[in-house]
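Take a moment to look at the fold before reading on. We will walk through it strand by strand.

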Amino acid sequence: MIFQTNRLTIRELTIKDLDLFHKMQNDQTVMRYIGGKIFSLEENKKDLENILNFYKNPKNDFWVWAITIKDSNSFIGTIALVKNEKEEYEIGYRLLKEYWKQGFGKEVTNGLIKYAFEEKKIREIVAYVDKNNLTSVRILDSTFRFIKEIYNEQDNCIDRYYKLSN
């Protein structure tokens, strides 16, 4: 276990998560605000294997974990804490569509903030979100400091950029 919230447990992904990981990464609605590209089973298996390989190096700066329901251990999505190309610690999450609109996004974001500051001793974290992803914008607006809007050439959208310092 990495950390827990009231209803959720965050743990390392395993190869057993592949079916639901693929379901999430292959859902156009889930991926709409993350570049819009869906991935094949083979691509998702390779992606998951790459994530698992990062776990072998405790000093790595690329952490993607499973979000599970505490009571049932059901996989509902992923959460990430990664050092991006700008050397910023960036957070992000994805949820299976059936778990949307239940407060899990806000809950897991708040849990990750606490974990990043208290356990990882990170001084500042950032988040980027497509300005049209209104649910995630609301979550970040309630917790982070909005900095600016920037054009995201890779995903062809306008991202809102946020920072939060410890």
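What follows is a tour of the sheet and the helices on it.

This is a predicted model, in which local features need pLDDT of at least 70, side-chain atom pairs count only at pLDDT 80 or more, and totals for chains, interfaces and linings use all residues. Residues are numbered from 1 along each chain as its sequence is written, and side-chain values use heavy atoms, without hydrogens and water.

Start with strand β1, residues 3-4. Strands here are DSSP runs of E with at least two residues, and helices are runs of H or I with at least four, both numbered from the N terminus. β1 pairs with β2 in the antiparallel sense over 2 bridges; two strands pair if DSSP finds at least two bridges between them. Gln-4 has Thr-9 in β2 as its bridge partner. The two strands form a hairpin, with 3 residues between them.

Now follow β2, residues 8-12. Of its 5 residues, 4 are buried, meaning under 20% relative accessible area (1.4 Å probe, protein chains only). Antiparallel to β2 runs β3, joined by 5 bridges. There, Leu-8 stands opposite Ile-69.

Step back to the whole sheet. It is open, with 8 strands in the order β1-β2-β3-β4-β5-β6-β8-β7 and mixed pairing. β1 and β7 stand at the edges with a single partner strand each, so one side of each has no neighbour in the sheet.

What packs on this sheet? Helix α5, residues 134-143, is one of the elements that do. α5 touches β5, β6, β7 and β8, where contact means heavy atoms within 4.5 Å.

Methods
Buried < 20%, exposed > 50% of the residue type's maximum accessible area, 1.4 Å probe, protein only. Axes fitted to C-alpha atoms, helices over the stretch in contact; angles between N-to-C directions.
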